[in-house]
Amino acid sequence: MIANRRPDARLRFDPEALGLTARTRPFFRRGTVAVARALVGAWIARRWRGCWYGGRIVETEAYLGPLDRAAHSWGGRRTPRVEPMYGDGGLLYVFLVYGMHHCANVVTRREGQPEAVLLRAAEGRPGAPTRLMSGPGKLCAALGITAADSGIDLLDDGLRIFRDSGKRPHLAVSPRIGVDYAGEAKDWPLRFYDADSAAVSRR
DNA sequence: CACATGATCGCCT
DNA sequence: GGCGATCATGTGG
């Protein structure tokens with residue numbers, strides 16, 4: 001179960017009223033780049049005291065495992081912190097950066113294939129502050145996600161990914177943010193975002 | 001607008 | 001012991 005930390009009240013919404021449907025295991029087990037692209041325009045939502053809170057994802061990054069120097073699982077590194085990345089697709093991997101911010105990732109592929117998608121930004125419904133979730137740390141803070149939630153199952157534990165069959169995002173691609181230390185991997189085009197959204201980070 | 005800096009701590013070497 | 005998948009704030013042009 002997700003830790004009992006309060007999400008921002010301004011992110012409350014009703015997935016059913018929007019016609020959203022929850023994603024299931026096969027979605028997450030696909031290739032990491034495919035999942036990263038498909039997550040732009042999808043919704044991340046958290047259940048808290050019987051209500052749903054969340055927003056539409058507008059920015060993601062793919063992290064490709066042992067061969068990807070920017071990934072925590074680079075070179076096959078396997079420590080307690082990274083363990084959820086080695087689990088089945090659909091798990092959540094959360095870590096603490098810079099001693100104060102959390103980053104949430106959706107684990108992809110299968111057990112033993114440590115790849116994931118970083119959720120970098122989302123936008124709430126009209127009325128919510130535009131930039132409330134315009135960055136990975138801000139997204140976690142707004143939804144009340146912390147490292148205590150690392151390893152939970154997105155199919156099962158009160159945090160979910162929903163498909164939105166509405167308008168498709170205007171997908172754009174770029175290198176990933178903040179991985180200058182990663183050698184040649186720093187230039188790989190693994191960041192995906194909705195070019196029409198005002199909630200994308202680094203604007 | 002473009003940098004520059006401080007906060008703060010778990011993780012890995 | 002060094003540093004990071006960040007963010008807010010401050011400076012100067």
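Is Arg120 buried or exposed? I began my notes on this predicted model with that residue.

**Entry 1: Arg120**

I looked up the relative accessible area of Arg120 and found 7%. Arg120 is therefore buried, since the limit for that class is under 20%. I then located Arg120 in the chain and found it in strand E7, which covers residues 115-123. Next I listed its contacts, leaving aside neighbours within four places in sequence. Among them are Glu59, Thr60 and Glu61, as well as Met133, Ser134, Gly135 and Pro136. Leu139, Ile177, Arg191 and Ser201 also touch Arg120.

**Entry 2: Cysteines**

A disulfide is a covalent bond between the sulfur atoms of two cysteines. I therefore checked Cys103, whose closest cysteine sulfur belongs to Cys140, at 6.3 Å. That is too far for a bond, because a pair of sulfur atoms must lie within 2.5 Å to count. I also noted that Cys103 is buried, at 7% relative accessibility.

**Entry 3: DNA strand B**

I asked which residues surround DNA strand B. They are Arg77, Thr79, Arg81, Val82, Leu96, Tyr98, Gly99 and Met100. Sugar and phosphate make up 67% of the atoms of DNA strand B that come within 4 Å of the protein.

I then looked up individual atom pairs. The side chain of Thr79 has an N or O atom 2.3 Å from a phosphate oxygen of DNA strand B. For the side chain of Arg77, the corresponding distance to a phosphate oxygen of DNA strand B is 3.2 Å. Tyr98 meets a base oxygen of DNA strand B through a backbone N or O atom, at 2.5 Å.

**Entry 4: DNA strand C**

I turned to DNA strand C and found 19 residues around it. The closest are Tyr98, His101, Asn105, Gly137 and Tyr181. Here 49% of the DNA atoms within 4 Å of the protein belong to sugar or phosphate, and the rest belong to bases. The surface near DNA strand C holds 10 nonpolar, seven polar and two charged residues.

Which elements each supply at least two residues of this surface? I found strand E5 (92-97), strand E6 (101-108), E7 and helix H3 (136-143).

Finally, I noted contacts to phosphate oxygens of DNA strand C. A polar side-chain atom of Tyr181 lies 2.3 Å from one. Gly137 places a backbone N or O atom at 2.8 Å from a phosphate oxygen, and Pro136 places one at 3.2 Å.

Methods:
Residues numbered from 1 in each chain as written. Chains lettered and ligands numbered in written order. Predicted model: local features only at pLDDT ≥ 70, side-chain atom pairs only at ≥ 80, totals over all residues. Heavy atoms only, no water. Buried < 20%, exposed > 50% of the residue type's maximum accessible area, 1.4 Å probe, protein only. Helix = DSSP H or I, 4+ residues; strand = E, 2+ residues; numbered from the N terminus. Contact = heavy atoms within 4.5 Å. Near = heavy atom within 4 Å. Polar contact = N/O pair within 3.5 Å; in protein donor to acceptor, adjacent residues only side chain to side chain. Nonpolar A, V, L, I, M, F, W, Y, C, P; charged D, E, K, R; others polar.
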